[in-house]
Amino acid sequence: FFMTPQPGYAKAVGIPMLLLTSGLNATSNPLDRTAWSVTVAPDELAQSIGMEPFDDTLIFRKDTLALESHPLVKRCAYRTTRSASGWSFTAPPEGGLDAAAVWSGEVVGDTISGVLSKAQPSGEVIRFTFRGQREASVDE
């Protein structure tokens with residue numbers, strides 16, 4: 001069964017498809033190339049092993065996220081999903097040096113907040129909350 005395209009068919013189908021796919025590409029990674037000034041606060045367990053609150057920059061670049069200065073965790077891959085008020089992100093463990101680190105957070109406008117959980121060799125999990133504001137775009 002073959003159908004002959006009618007005049008104008010390519011325009012009628014092609015333009016909406018182009019708009020749909022370009023929209024997907026534009027929002028597939030809305031946090032990429034952004035930087036956020038964050039304050040990171042350890043929970044009681046983390047404080048009991050000597051961790052202290054600190055300020056840093058959380059950078060999303062090329063589908064990965066990392067703290068700019070603090071050696072708490074290495075750069076890792078993340079995923080975004082649309083939430084009711086903005087964007088949620090998670091960076092599940094994927095093996096390697098930081099297989100025990102899990103990021104989860106939300107971006108609403110120019111504000112970011114979330115939790116970083118990190119398993120210790122003892123099996124205990126320490127948690128850090130983070131909150132901050134958008135700084136600027138980041139070069140690739």
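**Group meeting: aromatic rings in a predicted model**

Okay, let's start with contacts: among those in the chain with a separation of 6 or more, 43% are between residues 24 or more positions apart, where contact means heavy atoms within 4.5 Å. This is a predicted model, so local features need pLDDT of at least 70 and side-chain atom pairs pLDDT 80 or more, while totals for chains, interfaces and linings use all residues. Residues are numbered from 1 along each chain as its sequence is written, and side-chain values use heavy atoms, leaving out hydrogens and water.

The layout next. We've got two helices and nine strands, taken as DSSP runs (H or I, at least four residues, for helices; E, at least two, for strands) and numbered from the N terminus. Of the 140 residues, 31% count as buried, meaning under 20% relative accessible area with a 1.4 Å probe, protein chains only.

Now the rings. The whole structure has four aromatic pairs; rings of Phe, Tyr and Trp (its six-membered ring) pair if their centres lie within 6.5 Å, with planes under 30 degrees apart stacked, over 60 edge-to-face and the rest tilted. Take F60 and F89: the planes sit at 85°, so this pair is edge-to-face, with 5.2 Å between centres. F60 is in strand β2 and F89 in strand β6, 29 residues apart.

F89 also pairs with F130, this time tilted, at 6.3 Å and 35°. That one reaches from β6 to β9, 41 residues along.

So how buried is F89? Its relative accessible area is 1%, and F130 comes in at 4%.

Methods. Buried < 20%, exposed > 50% of the residue type's maximum accessible area, 1.4 Å probe, protein only.
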